[in-house]
Amino acid sequence: MTAQVDTRRLTVVANKVGEWRKRLIDLSHRNTLLYFRDTKTATLDLSQADAEALAALESGAKVRLRALVPDEELHRDACQRARNLSRKIRIFDEEQGIDVGRVAFGLVRASARRNGQGSVPALRAPLLLRPLVLTSRTAADSDFTLALTDEAELNPVLIHALDEHYGLEVEGLEDVLESAADGTTGVELAERLHARLADAAAAHGIEFTFERAVVVGTFNYVKLPMVEDLANATELLTSHDLVAALAGFEPAKQALIADAGEFHTPGVDELDPADEYLVQDADSSQHRAIMTALGGQHLLVEGPPGTGKSQTIANIIAGAAATGKKVLFVAEKRAAIEAVLNRLADVGLDGLVFDLHQQNASKREIAQQLAQSLDRVAKEPPVDTEELHERLVASRQRLLDHSRELHLRRDPWNISAYEVRSELLDTPDNGVPGVFRGARLQALNAATVREVERRLKDFVELDGLRILRGDTPWANADVRTEDDVRKILVELDQLADGTLRRGQDGMHRLLRQTGLAAPQDIESWEHVLRLLDDVSKSVEAFGPEIFGAHLDAFHCATGDRKVRDRYAPHLTLSWKQRRALVKQLRSMSRHGLVKRPALHSAVTQVLEQRGRWHRLGGQHTVPAQVVGLDEVMRDYQTLRTQLAAVAASARRPDLTPGPAHEVEHKLDELRGDGQMLFRMPALNAHLQFFRQLALDDLLAQIAQRNMTAEQAWQTFRRAWLKSLDDEFKIQSRELGQFVPDRQDRAADDFRVADTRHRAQAARRVRRQVARMARQAGDAYPEQARVLRQQASRKSRHMPTRKLVQQASDVLLSLRPCWAMSPLVVSRMLPAERLFDLVVFDEASQIQPHDAITAIMRGEQLVVAGDEKQLPPSTYFERILASEDGDDDEDDLGDYESILTALRSVIPTTQMLRWHYRSADERLISFSNREIYRDALVTFPGPAKDNPVTLELVNGEASPGQDGSAPADGPGRRADHEPRADAASRKPRCDHTW
């Protein structure tokens, strides 16, 4: 925590300390300890009080104000002053924990003068001060009781001012106080002190006069010890990394960041119960803050209203005390201290805390309390928790095992069983069967499932289900790329532009020339065209006469005996006839065929052509050559090529069979669903992906039900989740053998053990503190003796600060937590690093210079507060100097708090997020949304009606109500009507909670 001091660090810190000291010192006219003024309402002059009653008051007796001021009229005025004084004293006591009520004996006066720093106002300063308790005796404040609670002390601010303004260091004043005999009055003692002061001043040419006066007033000099601390504790301040960082020393900031970066906050389930001392319930955010603080880290705790900040601090104090740490708990307001002390008292740990916030206890009472604590430590019994902790660990481990298995994200799916079951509950069951096992489920990993979601939704949105149902002529199309789309479009465009029509027209022309019957389908066109082509070739080879009456005779004449036998007895040719026919046929051959076998083969083909012709056109038709055959054949080949290309790409083997009008209809269907063609590359890619994952059956069910994209995805998701649920039960015995009743029993066992553990935590803390206190008493017997000696004395007790110096080890072991206002720290404690941990509450209301002397007294710092709450204010300084206790001066200054200043210095911040105070979250919802950016976790209320209502009021006070002016006369009513109208236009809004 500390660092070796170097010159540069010392310079930086010293300069900043100078700034802080100037902020603390108030030597202006507002300081009543230097420039006392008699006021009509805020001071009470007892200089002329009844001597006997005043003597009784100084002796320690409780004295009535009427006894001091018996005159009725003077007493009535004194009561009014006492009432105002009592109110001021109570405000400081309740809000800041400081006692400002004093009786001043003797006033030192000096004329205004100039020194090297400027002018010094005329001095009128109280010399001797004694604490006063002022108590009303009646409900109407018609009389008061006055009591002096402690011994007289010198005005410390006067001593400081004498040094600052006059350069006077007066020695021997404490000796005068110590040597005062019993029965010496306050004024007499003040006169002796003044004589010593006057002699020292005369040596410097300064004249002091003494005013015999006894006055009651409000005097606040608690910040002077802070000033002296800052002046005298340079080494302590410089060696503190936090203080150096606040002063602007950059290496100290970097050291803090480096230290915080190495820290790991232990989880709630990582702790051994023997090392945990939670005496109050703690939610997850509170637990992180507690563990960070107890882990030795500087910590900034953001505690919005109702998030358990006081509860968290109570747990930190208890845990720190149990582990041997000494805690300084600092808060400016008494309410913040009490909130924590009450939570500790609820569990019997109020004995841990030495409450010095209000300074009400006398020195003797303080010593007696600590001595009693020393006696009690021997009576704290041991706490047997071994069996309980074993049971707690075992039951917790059972729950953790189940929780781990339930929440473990499993590879390769990157999802937990808990998430699976949660989603299954939220995903409707549409009755579609589907399950994945083994390698199929392994393939459906987290990345693949995300890809399935993208592709499946895209597939459905692109009308891909029509493909699965066969609702599109492109259902089987093998279209994979943009080039495939372009090729099909070209073929379709050409077919649409007339290829089919030209083919039909050409065929009809040919058929009209030949008399052949029209083919039944386009495929039959090929037979006709091939026949016509063959006939044309035969005519070209032999002339048109080849198909005449002698065709059979030519065939018979050129054939061998077997051929001739087939023609008998219908056709019988002699040798001469055969020879003549062969000769004739040779003459007809335009290709020069002369050999009989070649001629016979050619005539055989012609004969076969005639047979085909008769089958197509009838026996009465004669084969003949036609005009335009080549063109028709070219068109036909183009048509066949284009149809084949489209059929192949669309995977439509049914495209070419059938009549031309049916083919045309099928082509129209393809063109009519042309939009699907553009989608086919993406759809086919999706289908290939799905088939690789064997999703065909599931996709068929989805297509059959014609689901939307989201429904399709949910169907797959549910099947996947159900399959994972089964797989996880196989993989994990904890999940596979889960029985709800057995788990409930385990949870009940843990709950009972944890409740008992928390209930025993306070006893364990007390036992630990008692053990360490006994060790301190044994190790430092002289300190224990000093404590008991001080407790037995009846007067002249050692100041608390001095007592701490002489017996700090035993004191802090007996009461390991000391609670006080930052204004009290320097007064009560020596300038030493006595504490392991300093905890600030409501830090947003404390200015940095008020906090430094507390911070330097500890190794570690925890600051808790909320920057959204009230900033620091100078309210108390102003009301102390005001005459009647009220100060209407606007306090609009932008004062930096220690919480804000430390935000840039302390790298570790924990925010308390669970808001408990509002019984209905609607009460805090606006603040949560607008101020805390929805960072708070809130809870809904049971009531249906809104707990916030708007009440409109007329905005006018009745005459005489709450200090309002009396009713105006008729002549002035007109002056006030506009104001009343304005009030009615802007009604006040009351929130009813």
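Q: Is Val937 buried, partly exposed or exposed, and what's its relative accessibility?
A: Val937 counts as partly exposed, because its relative accessibility is 31%. Keep in mind that this is a predicted model.

Q: Where is Val937 found?
A: Val937 is in the loop between helix 40 (925-930) and strand 17 (950-952).

Q: Let's zoom out. How many helices and strands are in the protein chain?
A: The chain has 41 helices and 18 strands.

Q: And what share of the residues is buried?
A: Of the 993 residues in the protein chain, 48% are buried.

Q: What does the accessible surface come to?
A: About 49,200 Å² for the protein chain, and carbon and sulfur atoms account for 48% of that.

Q: What about contacts between residues 24 or more positions apart?
A: Counting contacts in the protein chain with a separation of 6 or more, 76% are between residues 24 or more positions apart.

Q: OK, charges next. How many salt bridges does the structure hold?
A: There are 48 salt bridges. In general, side chains of opposite charge can pair when their charged atoms come close.

Q: Give me one from helix 16. Which residue does Asp401 meet in a salt bridge?
A: Asp401 meets Arg404, side chain to side chain, at 3.0 Å from N to O.

Q: Why are Asp401 and Arg404 separated by about one helical turn?
A: Because they sit three residues apart in helix 16 (residues 386-407).

Q: What does Arg409 form a salt bridge with?
A: Arg409 pairs with Glu419, and their closest N and O atoms are 2.6 Å apart. This pair links distant parts of the chain: Arg409 is in the loop between helix 16 and helix 17 (417-426), while Glu419 is in helix 17, 10 residues apart.

Q: Which residues are linked in a network of salt bridges?
A: Asp38, Arg109, Arg124 and Glu211 are linked in one.

Q: Switching to helix 5. What are its buried residues?
A: Helix 5 (residues 156-166) has Val157, Leu158, His160, Ala161, Leu162, His165 and Tyr166 buried.

Q: What's going on at the start of helix 5?
A: A side-chain oxygen of Asn155 comes to within 3.1 Å of the backbone nitrogen of Val157 there.

Q: And just after helix 5?
A: Gly167 takes a positive phi of about 70°.

Q: How many aromatic pairs does a search of the whole structure find?
A: It finds 11. One of them is Tyr166 with Phe208, an edge-to-face pair at 5.7 Å centre to centre, with 85° between the planes. Tyr166 is in helix 5 and Phe208 is in the loop between helix 7 (186-202) and strand 9 (209-218), so to speak linking distant parts of the chain, 42 residues apart.

Q: Are Tyr166 and Phe208 buried or exposed?
A: Both Tyr166 and Phe208 are buried.

Q: Which residues form an aromatic cluster?
A: Phe354, Trp818 and Phe835 form one.

Q: Where does Ser808 lie, and what does it touch?
A: Ser808 lies in helix 35 (residues 800-814). Leaving out residues up to four places away in sequence, Ser808 touches Gln783, Leu803 and Leu834.

Q: Why does Ser808 count as buried?
A: Because its relative accessible area is 14%, and buried means under 20%.

Q: Last one: where does Phe92 lie?
A: Phe92 lies in helix 4 (residues 72-96), and it is buried, with a relative accessible area of 0%. Phe92 and Thr218 are 126 residues apart in sequence and 9.8 Å apart in space, C-alpha to C-alpha.

How values were computed
Residues are numbered from 1 along each chain as its sequence is written. This is a predicted model: local features need pLDDT of at least 70, side-chain atom pairs count only at pLDDT 80 or more; totals for chains, interfaces and linings use all residues. Side-chain values use heavy atoms; hydrogens and water are left out. Helices (H or I, at least four residues) and strands (E, at least two) are DSSP runs, numbered from the N terminus. Buried means under 20% relative accessible area, exposed over 50%, partly exposed in between (1.4 Å probe, protein chains only). Contact means heavy atoms within 4.5 Å. Accessible areas come from the Shrake-Rupley method with a 1.4 Å probe; for residues, only the protein chains shown count as cover. A salt bridge is a side-chain nitrogen of Lys or Arg within 4 Å of a carboxyl oxygen of Asp or Glu. A polar contact is a pair of N or O atoms within 3.5 Å; within protein, one must be able to donate a hydrogen and the other to accept it, and residues adjacent in sequence count only if both atoms are side-chain atoms. Rings of Phe, Tyr and Trp (its six-membered ring) pair if their centres lie within 6.5 Å; planes under 30 degrees apart count as stacked, over 60 as edge-to-face and the rest as tilted.
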